[in-house]
Amino acid sequence: MIDIRPFLPADVGAARRVNEASLPAVNSLSEAELLALAAMSVHTLVAVRDEDLVGLLVCLDQGADYDSRNFAWLKNNLGRFAYVDRIALAPEARGSGIGQLFYRDLIARLAAEPARAAAPLACEVNTRPPNPGSLRFHQRLGFAEIGTQDLGDKAVVYLSRSLAATATGSANR
C-alpha cells in the first residue's frame, strides 16, 4: 500500500536520494536546496511504501521566489498557476501508479483551496533529452500543450490542465 502524505523535514535524506535517482528527468538538489524548495512550495508530498520513502512531488505557485527558466516561462505566460516542479520516483517504484496517486492527491488539495481552484495546474516535460513516457502519462491525465521552449542544453514542452477535470487512470492506492 502506498501512502501519500506531506513532506516532513525528517524526510530530506530519503527524498534527496529519490530525487538524485531520477536524474536527468529532474535537476540535482542538495539537502539544503530541497528543504528550501519545500519551504517555498504550496505542497510538497512524499509517497511511502512499507515505511520506505519512494516518491517526491513538489508543487509551487506563481508567488514562489524560484530561480528556474521553466518557472519563469510559466510566470510570464500564465499569470496564476500551480506548478509541478518535479515528481521523482525511486527506481523500484516506477510504473507502479504512484505518479497517478500523487496527481490525484495534489489535485484534491489544490481544488479544495478557493484561492487556487481556478488556476491551472502546469508542468513541463523534457523533449531533449526526450521523456516520452512522462509526456504520455501527462496526456492521459488531461494535460495539454501550452508552449515549448528550447533552452540550449535542453528543450521542454509546457503542459497544463484544469483542476476541475478529474485525474483518470486505474492506479489503486
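User: In which loop is D11 found?
Analyst: This is a predicted model, in which local features need pLDDT of at least 70, side-chain atom pairs count only at pLDDT 80 or more, and totals for chains, interfaces and linings use all residues. Residues are numbered from 1 along each chain as its sequence is written, and side-chain values use heavy atoms, with hydrogens and water left out. With helices (H or I, at least four residues) and strands (E, at least two) taken as DSSP runs numbered from the N terminus, D11 is placed in the loop between strand 1 (2-6) and helix 1 (12-21).

User: Is D11 buried or exposed?
Analyst: Buried means under 20% relative accessible area, exposed over 50%, and partly exposed in between (1.4 Å probe, protein chains only). Because its relative accessible area is 9%, D11 counts as buried.

User: Which residues does D11 touch, not counting residues up to four places away in sequence?
Analyst: A contact requires heavy atoms within 4.5 Å. With residues up to four places away in sequence not counted, the residues that D11 touches are R5, P6, V46 and L53.

User: Is A39 buried or exposed?
Analyst: A39 belongs to helix 2 (residues 31-40). Because its relative accessibility is 68%, A39 counts as exposed.

User: How many Å apart in space are A39 and V84, C-alpha to C-alpha?
Analyst: In sequence, A39 and V84 are 45 residues apart. In space, C-alpha to C-alpha, their separation is 15 Å.

User: Which residues touch the most other members of the largest nonpolar core?
Analyst: A nonpolar core is a set of buried Ala, Val, Leu, Ile, Met, Phe, Trp, Tyr and Cys residues joined through side-chain atoms within 4.5 Å. The largest one here has 55 residues, and those touching the most other members are L60, I98, F102, Y103, L106, L110 and L121.

User: Which residues does L106 touch, not counting residues up to four places away in sequence?
Analyst: L106 is among the residues that touch the most other members of the largest nonpolar core. Leaving out residues up to four places away in sequence, L106 touches H43, L45, L57, C59, V84 and L121.

User: What radius of gyration does the protein chain have?
Analyst: The radius of gyration is taken over C-alpha atoms, and the globule rule is 2.2 Å times the number of residues to the power 0.38. With 173 residues, a compact globule would have a value near 16 Å, which agrees with that of the protein chain, 15 Å.

User: How many helices and strands does the protein chain have?
Analyst: Along the sequence, the pattern reads β-α-α-β-β-α-β-α-α-β-α-β-β. The secondary structure therefore comes, under the DSSP definition of helices and strands, to 6 helices and 7 strands.
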